[in-house]
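These are my notebook entries on a single structure, set down in the order in which I looked things up.

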Amino acid sequence: MVEAIRKILVLYAHPSQERSEINKPLFKATQHHENVTTVDLYAEYPTFRINIDKEQRRLIEHDVIVFMFPLYWYSTPAILKEWQDLVLEYNFAYGADGNALKGKTFLCAISAGGSESAYQHDGYNSFTLRELLSPLEQTACLTGMTYLAPFALFCARSAFEENRLQSHIEDWQKVLTALANDTLDIAQASTLPKLNENLSTLIKD
């Protein structure tokens, strides 16, 4: 019996794409992946006038929701916060009749300028990346979605020169394929510090 393909929605937010060496090529590679719908939020909503009904329909039509962004001051870029504030309405995403997102899977594909060691309790950022993303994890919890560890690239500013970008993109494509085919170990992926740490064990045959 052939399992149904899971539909993936990637919401991309980068306020300074002309400076992007990581997120922009990662997003472009994502656009060519079948079973994935991609949305460039800054391109679609340059004045921040987000179409709430359209965005809610997109959420309903997909099984996996991805936020793709560079970490800006330990949070999402502004438009992604605006999107959350407007789209995740009471009685849609949460509340007595707010079950639209229940059962879906959620994760962040994120880049961070600092090293992984900087995102530790004894590092200069004082918190792990997953801890810094806890508002998004709690949002997933409140709305009934399964939260996966972030797919993360550290030291993003030097990744291109150090030839780490292509392998990062290839790993991301593996994750997308596994999510679409439902071959990613969701239970294990929800517990890790970051998703791309053990892909060989996370992705089932």
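I take buried to mean under 20% relative accessible area, exposed over 50%, and partly exposed in between, with a 1.4 Å probe and protein chains only. The model is predicted, and local features need pLDDT of at least 70, side-chain atom pairs count only at pLDDT 80 or more, and totals for chains, interfaces and linings use all residues. Residues are numbered from 1 along each chain as its sequence is written, and side-chain values use heavy atoms, with hydrogens and water left out.

Entry on Glu-131. I looked up its accessibility, and because the relative value is 33%, Glu-131 counts as partly exposed. I found Glu-131 in helix α5, residues 129–132 (a helix is a DSSP run of H or I, at least four residues, numbered from the N terminus). Lys-102 lies 29 residues from Glu-131 along the chain, and I note a C-alpha separation of 23 Å for the two.

Entry on the cysteines. I searched for disulfides, that is, pairs of cysteine sulfur atoms within 2.5 Å, and the structure holds 0. Cys-108 is in no disulfide, and the nearest cysteine sulfur to its own, that of Cys-141, is 15 Å away. With a relative accessible area of 0%, Cys-108 is buried. Cys-155 is likewise in no disulfide, the nearest cysteine sulfur being that of Cys-108 at 19 Å. I record Cys-155 as partly exposed, because its relative accessibility is 27%.

Note on methods: Helices (H or I, at least four residues) and strands (E, at least two) are DSSP runs, numbered from the N terminus.
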